[in-house]
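I opened a notebook page for this chain. My plan was to go from the whole to single residues.

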Amino acid sequence: MREVYVLGSAVSAFGKHPTGSGRHLAAQVAADALSEAGIDFSAVDGVWAGVALGASPRAVFVAKELGLTGVPVQQVVNASASGLAAVHEARMAIRSGDHDVVLVLGYDVPEYDTSAQEAIARQGFLPPVTQFALWAAQREQEFGTTAEDLARVAAKNWNYARSNPLAARQADAEVTVDDILASKVVAGQLHSKMCTPWGDGAGAIVLASAEGAREIGVIPTTELASSVLRSEIHGRHHTFEGAVVGPREMTTRTSELAFDAAGVRPRDVDVVQVHDAFANEELEYLELMGFVGPGEADKLLRDGAFGPGSRRRFGLPEVSTDGGLLARGHASGGTGVAQIHETRRRFAEHGDRVGVCHLLGAGSVCVMQVLRSVD
């Protein structure tokens with residue numbers, strides 16, 4: 001099986017974009033990613049797109065904005081994990097030998113207005129924030145996690161977003177724990193600033209085999225070292241209703257397989273982009289992926305871990321370095337591609353060598369990818 005490299009990437013601002021602007025937005029980030037790779041659309045032999053919302057434009061219409069080349073266009077729908085799921089499928093197409101240069105899009109911008117009531121109805125009886133508030137309450141019982149602990153996660157990620165001009169949430173001054181706790185209580189321990197703002201956005205990356213990169217004259221700097229996608233199995237505390245997190249085993253198993261496939265261990269990782277749609281998720285997933293033991297993330301966070309300087313001080317990765325879903329925003333299909341773009345930025349600007357991108361789709365699937373900087 002062949003190695004796969006990321007040759008270029010680009011993202012849009014996350015937040016609110018005009019209804020009906022999705023085709024143009026996705027085509028623009030695609031053009032930007034192709035430009036960074038030093039190629040145009042004629043060099044692409046396949047297009048994969050992660051699009052979660054039915055109201056967003058179809059991938060084949062976005063491809064038409066870039067030009068008609070006759071290449072296959074595949075649209076992947078897997079809830080919040082749609083972007084990374086599309087990358088997963090495109091990577092397999094390159095590893096199989098069927099493709100050499102693939103454009104991967106991830107976006108969600110509605111083509112028409114949809115009501116909030118309809119969106120909630122599609123998700124199930126309980127809105128996601130209620131489900132995650134229940135999970136936070138369970139963590140409080142198991143490990144003593146407080147609202148202040150959750151606020152520390154949110155404040156860290158809001159402050160990372162201050163350096164990201166494309167983030168949906170921009171604070172004028174450093175965000176404190178008190179600032180987070182002063183926001184409106186939404187459910188249980190969760191305040192509004194501990195919850196993703198959702199929104200619109202788009203991202204694109206160019207993937208290639210070593211042979212494809214040589215043919216177009218590009219020297220790769222980032223390897224997509226592994227990609228694993230797994231779905232839930234029945235277990236303790238399993239919940240079937242709505243967009244839920246799914247059993248803990250799913251993230252643990254996915255991460256073990258991803259680390260093994262890439263030949264790395266959690267201690268080797270410099271930066272992590274995690275599914276932090278709600279603040280308690282970040283604590284849970286860092287433990288489930290094996291970076292720290294059960295219940296240990298809270299205290300380490302209080303001491304300053306997972307933020308700037310964490311690798312040097314604690315031997316632990318920095319987490320959600322562009323603000324994450326909490327502050328960069330969550331555009332469903334666009335989120336996973338934005339994670340990869342941010343990981344590449346960290347490689348280029350901060351000297352990080354190994355990064356992890358992790359997302360769940362409606363609590364029923366988990367995707368994890370390991371990226372590695374190459375000389």
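The entries below record what I looked up.

**Ground rules.** I am working with a predicted model, in which local features need pLDDT of at least 70, side-chain atom pairs count only at pLDDT 80 or more, and totals for chains, interfaces and linings use all residues. Residues are numbered from 1 along each chain as its sequence is written, and side-chain values use heavy atoms, with hydrogens and water left out.

**Whole chain.** I found 14 helices and twelve strands; helices (H or I, at least four residues) and strands (E, at least two) are DSSP runs, numbered from the N terminus. The C-alpha trace spans about 55 × 45 × 45 Å along its principal axes. I then looked up the radius of gyration, which is taken over C-alpha atoms, with a globule rule of 2.2 Å times the number of residues to the power 0.38. A compact globule of 375 residues would have a value near 21 Å, and the chain agrees with its 19 Å.

Buried means under 20% relative accessible area, with a 1.4 Å probe and protein chains only. Contact means heavy atoms within 4.5 Å. Of the contacts with a separation of 6 or more, 79% are between residues 24 or more positions apart.

**Cores.** A nonpolar core is a set of buried Ala, Val, Leu, Ile, Met, Phe, Trp, Tyr and Cys residues joined through side-chain atoms within 4.5 Å. The largest one has 82 residues, and Leu-190, Leu-207, Phe-306 and Val-370 have the most contacts inside it. A second, separate core has 30 residues, including Ala-33, Leu-103, Ala-204 and Ala-213.

**Leu-190.** Setting aside neighbours within four places in sequence, I listed the contacts of Leu-190; among them are Val-129, Phe-132, Leu-150, Cys-195 and Phe-278. Asn-280 is also in contact with Leu-190, and Asn-280 is one of the buried residues of helix 10.

**Helix 10.** Why is helix 10 largely enclosed by the rest of the structure? Ten of the ten residues in helix 10 (residues 279-288) are buried, so the rest of the structure largely encloses it. The buried residues include Glu-281, Glu-282, Glu-284 and Glu-287. Just after helix 10, Gly-290 has a positive phi of about 90°.

**Ser-226.** I placed Ser-226 in strand 8 (residues 222-231). Is Ser-226 buried or exposed? Ser-226 is buried, at a relative accessible area of 1%. Leaving out neighbours within four places in sequence, its contacts include Arg-91, Ala-258, Met-368 and Val-370. Val-370 is also one of the residues with the most contacts inside the largest nonpolar core.

Conventions: Buried means under 20% relative accessible area, exposed over 50%, partly exposed in between (1.4 Å probe, protein chains only).
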